[in-house]
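Open the model in your viewer and show it as a cartoon.

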Amino acid sequence: MRAGDLWLEGGRVVAETPRDPQPEWTPGSYLEIALAGRWVLPGFVQAHLHLCQTLLRGWAEGRTLYRWLAEVIWPGEAAHDAATMTVAAELGIRQLLSGGTTAILDMGTTRHTESIAEVAARLGLRATLGPALMDRGPDAARGLLLSPTESLARFEAFAAAWDGHDAGRIRAALCPRFVPSVSEPLWRELTRRPDLARFPIHTHGAETEEEVAEVRSLTGKSPIGYLASLPGVSGRLCLAHAVWLDDDDRRALNDSGLAVCHCPSSNLKLGSGLADLRALRDAGVTVGLGADGAPCNNRLDPWQEMRQAAFVATARRGPESIDPWEILALATAGGADALGQGEEIGRLRPGYQADFCLLDPERDPATSGTDLEPSEDGNRLPANRLRAMNENQSEVGARFREDPAALLVFAGSPALVVETWVAGRQVYRADAPLDPDLGDRVRAARGHLRSRLHPRKGNEP
Ligand SMILES: [Zn+2]
């Protein structure tokens, strides 16, 4: 038994380094994952995604948020049927698993979100998601708008079918899209109804200056001020972005127990702005990372988000302001905390869900040949380093020696991931053959969407 091996039982981590198996373990009741010189990380938890947008990748370039939504994204989401949504989810989830993502918070769209849940259930991803709730908006959003009653009926049907599926691996979330697309009566219903109080809430907020101005004119408050004023949201609302904040907003986030998903690639690509991660963290706000949708990123890659998060923080506050161990913790434990699942996932500890990925640094020249000291038994990620990350502590690497977190954050990539596990089940193996039909299914589904968006031409956007 090498130090660093993992022992699993019933889908959970039993022990990290069991020198002596516990007497109550019966042979065959647990599974040993021999790390054999590879590194183990808690699986990445991405706290903001839109799998319904995966097939729209590349169709919405060169636009700021409101044009991006109105000209491509809202019509594109409205063009889905169950079959195209299934392909969108499959393409997205395969990319997520191959990069080491084990859990997500996903905003569906108003129809066919159950197709995303079906694929997540089938492919083994841990997912919290729900239909997007939208009852007001410009003409461009008309294909997605439903009345408050219809919106909540759709959510209830989704939750009845999927919430708690597979021992809680799939969970339902209330997903009001953002303040401008949700009326006061709908916000009131979804935050005040006692029968909805157990569901997490996911939304967007303070993404662009334009949105902040619109919310001020609609409500008289900033987006954060408005969300923080809603009853019953403490500890259950995670909002994406939080780019345009003042000190009052940051205080309100912390005081009202709202979590933030930082999406640096999306913010950079849409030109939305540079979120101030250091200020958010110093204000005590719970922060996770997420890729947002495939058309504003254009990858669903937690490695990219870690790298961009570090770079954006550095651009705002200097390279001393952020430690790579802190970035790694945001991408794992921070996301779990933002989902309200910090007692279950995001860390590798006895009793936690066995959600993790195994890495081989020799698979990428950018990380190959590292001079990290192998431990006596061949496990090259020293246990104290892993523990430091799990405790969300920062630690400075010894001078003139590579720091493993810096190596992963600045040089790491999905190429390092050799296996991904969720709830003690292997859900991705790098050497397994790819599905040979996936590309054809994606091409066909994109063709269907394109023909619905442009019925006469049939060959754009
Ligand atoms: Zn988003």
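Start by selecting A445, R446 and L449, the buried residues of helix α16 in this predicted model. How do these buried residues lie when seen down the axis of α16? They fall within an arc of 100°, so they line one face of the helix. The general rule behind such a pattern is that an α-helix has 3.6 residues a turn, so residues three or four places apart point the same way.

Now turn to the other side of α16 and select D440 and R443, which are exposed.

Go back to the buried residues of α16 and look at what covers them: the cover includes α1 (65-78) and α2 (82-98).

Next, select the whole of α16, residues 438-453, and check the distance between its end C-alpha atoms. They are 22 Å apart, and because 16 residues at 1.5 Å a residue should span 22 Å, the two values agree.

Strands of a sheet pair through backbone hydrogen bonds, either parallel or antiparallel. Select β4, β16, β17 and β18: in that order they form an open sheet of four strands with antiparallel pairing. Which strands are at the edges? They are β4 (39-42) and β18 (425-429), each of which pairs on one side only. From one strand to the next, the twist averages 25°.

To find one of the pairs, pick C357: its bridge partner in β17 is T420.

Key:
Residues are numbered from 1 along each chain as its sequence is written. This is a predicted model: local features need pLDDT of at least 70, side-chain atom pairs count only at pLDDT 80 or more; totals for chains, interfaces and linings use all residues. Helices (H or I, at least four residues) and strands (E, at least two) are DSSP runs, numbered from the N terminus. The expected span of a helix is 1.5 Å times one less than its number of residues. A residue is buried if 20 or more other C-beta atoms lie within 10 Å of its own, exposed if 12 or fewer, and partly exposed in between; C-beta atoms are placed from the backbone. The arc is that of the directions from the helix axis to the C-beta atoms. Two residues are in contact if their C-beta atoms, placed from the backbone, lie within 7 Å. Two strands pair if DSSP finds at least two bridges between them. Axes are lines fitted to C-alpha atoms, for helices over the stretch in contact, and angles run from 0 to 180 degrees between N-to-C directions.
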